Amino acid sequence: MSILKIKDLRTSFFTPSGEVKALDGMSFSINKGEVLGIVGESGSGKSVTAYSILQILAPPGEIVSGSIKYKDRELVGAGEDVMQAIRGNKISIIFQDPMTSLNPVYTIENQLVEAIKLHTDRNDEEARERALEMLQLVGVNDPARRLRQYPYELSGGMRQRVMIAMALSCEPDILIADEPTTALDVTIQAQILDLIQDLQRKFGMTTILITHDLGVVAGMCDKIIVMYGGKIVEAGTVDQIFYNPQHEYTKGLMRSIPSKVGKNERLIPIEGSPVDLLNMPRGCSFCPRCPNAMKVCLEREADTIETEPGHRVSCWMVVKEMVEKGEAALVPEEEAKEIDNRG
Amino acid sequence: MTTAVKEHEKEEYLLEVVNLKQYFPVRVGFLKTVDLKAVDDVSFYIKKGETLGLVGESGCGKTTVGRTVLRLYKPTAGKILFRGKEINDGESLKQFRRHAAMVFQDPYSSLNPRMTVGDIIGEPLDVHKLYRTKEERESRIAKLMDLVGLSSEHATRYVHEFSGGQRQRICIARALAMNPEFIVCDEPVSALDVSIQAQIINMFEDLQKKLGLSYLFIAHDLHIVEHISDRIAVMYLGKIVETAESGELMNNPLHPYTVSLLSAIPVADPKKARARKRIILSGDVPSPLNIPSGCPFRTRCPKARAICAEKMPELKEVKKGHFVACVLH
């Protein structure tokens, strides 16, 4: 059963130089207990997805249309009081940068206890006990002393553990981890990923892991969404995405991983620059960098098709292959719209 | 001293660093200062046309090594030799700086937003007065931009109009302006997206082949370092703990720190990722103000013994070209 269902979500930033469509029609759902990875380069809309779900977008960002359903409740358009009850309690987030996400002028105890008291009806004493218990759970050594300390007294890895403790202190159904280890060193990154995986299994927590590191998703996720230019270009299980990528962008990403290339071979980069969100191409947003772009790619966005159960992709190359194999037929744009409207 | 020997040495080592120490005084209270030993007794060499990779976690001193080698800091102790000649203050330093350059980590903050791209690339030429006419300067800038894959029409634009990858190309063009033989690359691709990283790495390799450059390539991503380097040195808390040819180091790591560093890197292959066992190091990197006695890694080392607390082991050659500083070897 899907615990979170997002349909045709559109989020834009209304900047002085024009509307930036950070999310341009995003749909996905996640089942209870699953670990979903969202990958893509900077500016592809990964973090905006997280912020949209929790509705913590800073102006001028705003959800334009679409639906976010948590269990059976619609979150788009829900009031601030509804969201307040959801945030932290049902859906929690760990931010990218542990250095700046804790308040420097309050002790760890202050910040943890505040979060716990806000979302549960524990009193001071109980909340403090809970904070202590959480710090122990995330592997902070000497938790009683840590509670009295200020963030500057902790290392990066410790601060990220405190953030995880805070996020999990109210036993959320869904944990969103937005690049949780990008700011950390490899050996510390391994510790934190291990911890998240451990806790995820222990509590059967649904997890959305946002990252640009394909190595991180390979080890942790059940399903992967690949984003480019505010859209999902490909989605599937980990094995489908890694061993049978369909979209040209995903293929390019897989090719550009240095560890997959021999020492004396050249790396195969994706040519060109990331998409300019203020100046989106009319057709497929990856088209200007795609080695196999066709005429239709310039003019129309590709339809999303399922190539195998659970594996969705939006690429004209894939459509073309299927037409050639006789598994699909091309429909003119107007007719396609009509069919969409009917469906 | 015969010149023949000297000539030979010159060819062997382009740059040699001997027992380099870089301490920074840090105030820890009223009137009390202690030394932060950022780099402590580090020696290495780089041959002509070679790439030496320098890896380690943040705070291990790898950036300080890069900066001290270029004499952006005055070393506390130790020698830096370029083409066999020691670099001191004065004329030898000025000469050295004409042959060495640096590419910084963050292409967003290492370029002046108020200067045009042409002026940024041309600045080293201005400083060292390497042109006679304005036309000469402009044609040199155009050539440099062409070399790094930028259109020379963009010379009049400002930095904010460029993406991260393009900005790093500008930084590289600026580094190449003096026709250097040696470039320190300090995490040149860490701030870039994966798809762009590969473009820049390929360019570094092409330029090396074309211009015979030598690199000191500093990074924390071992896969990238392995790809570009001939040899790799691993640093931990100011000391080099292991050096070897890059293939040897990746396939046969000896120091427990290198072993755990390698096992901590996420592998981008789901089946391998599920199958392998990782060594998770406990604890954090100790503060460089308070380095453990003896081997600095002993507090996190799964194989530490009592003897490790007494003395820092020397770098020993255990196999041809493979040096490791650990009591186990």
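This note goes through a predicted model with chains A and B, point by point.

1. The sheet of chain A. Eight strands of chain A make up an open sheet, and their order across it is β6-β7-β8-β3-β9-β10-β12-β11. The pairing in this sheet is mixed. In general, strands of a sheet pair through backbone hydrogen bonds, and the pairing may be parallel or antiparallel. The edges of the chain A sheet are β6 and β11 (304-308); each has a single partner strand, so one side of each is left without a neighbour in the sheet. From one strand to the next, the twist averages 20°.

2. An antiparallel pair in chain A. Strands β9(A), residues 223-228, and β10(A), residues 231-237, pair in the antiparallel sense over 6 bridges.

3. A cis peptide bond in chain A. Most peptide bonds are trans, as a general rule. The bond from A:P59 to A:P60 is cis, with omega near 10°. A:P60 is found in the loop between α1 (46-54) and β4 (61-70) of chain A.

4. The sheet of chain B. Chain B has an open sheet of 4 strands in the order β2-β1-β4-β5, with antiparallel pairing. Its edge strands are β2 and β5 (85-86), each of which pairs on one side only. The pairing of β4(B) with β5(B) rests on 2 bridges, and B:L81 has B:E86 in β5(B) as its bridge partner. Helix α2(B) lies across β1, β2 and β4 of chain B and runs at about 70° to β2(B).

5. The hairpin in chain B. Strands β1(B), residues 13-27, and β2(B), residues 33-47, run antiparallel and are joined by 11 bridges. B:P25 stands opposite B:D35 in β2(B). The two strands form a hairpin with 5 residues between them. In the turn, B:G29 has a positive phi of about 155°.

6. Most residues other than glycine have a negative phi. B:R71 has a phi near 60° and B:E187 has a phi near 50°. B:R71 is placed in the loop between α2 (62-69) and β4 (77-82) of chain B, while B:E187 is in the loop between β7 (182-186) and α7 of chain B. Which of the terms buried or partly exposed applies to B:R71? With 17 other C-beta atoms within 10 Å, B:R71 is partly exposed. B:E187 has 20 other C-beta atoms within 10 Å and is therefore buried, since 20 or more is the cut-off for that term.

7. Helices α4 and α5 of chain B. The axes of α4(B) and α5(B), residues 134-147, come within 10 Å and cross at roughly 115°. The two helices are therefore roughly perpendicular to each other, because angles from 65 to 115 degrees count as such. Their crossing is right-handed. On the α4(B) side, B:G118, B:I121, B:G122 and B:L125 take part; they meet B:R137, B:R140, B:I141, B:L144 and B:M145 in α5(B). By class, this contact has 5 nonpolar, 2 polar and 2 charged residues.

8. Residue B:E123. This residue lies in α4(B), residues 117-127. B:E123 is partly exposed, with 14 other C-beta atoms within 10 Å. B:E123 and B:E16 are 107 residues apart in sequence and, from C-alpha to C-alpha, 28 Å apart in space.

9. Where the chains meet. On chain B, 31 residues are in contact with 39 residues of chain A. The elements giving two or more residues to this side of chain B are α6 (164-176), α7 (194-211), α8 (222-228), α10 (256-264) and α11 (270-275). The largest share, 6 residues, comes from α7(B). The chain B side divides into 14 nonpolar, 12 polar and 5 charged residues.

Terms used: Residues are numbered from 1 along each chain as its sequence is written. Chains are lettered from A and ligands numbered from 1 in the order in which they are written. This is a predicted model: local features need pLDDT of at least 70, side-chain atom pairs count only at pLDDT 80 or more; totals for chains, interfaces and linings use all residues. Two strands pair if DSSP finds at least two bridges between them. A residue is buried if 20 or more other C-beta atoms lie within 10 Å of its own, exposed if 12 or fewer, and partly exposed in between; C-beta atoms are placed from the backbone. Two residues are in contact if their C-beta atoms, placed from the backbone, lie within 7 Å. Ala, Val, Leu, Ile, Met, Phe, Trp, Tyr, Cys and Pro count as nonpolar, Asp, Glu, Lys and Arg as charged, and the others, Gly among them, as polar. Axes are lines fitted to C-alpha atoms, for helices over the stretch in contact, and angles run from 0 to 180 degrees between N-to-C directions. Angles under 35 degrees count as roughly parallel, over 145 as roughly antiparallel, 65 to 115 as roughly perpendicular and the rest as oblique. A crossing is left-handed if the near helix is turned anticlockwise from the far one by less than a right angle, and right-handed if clockwise.
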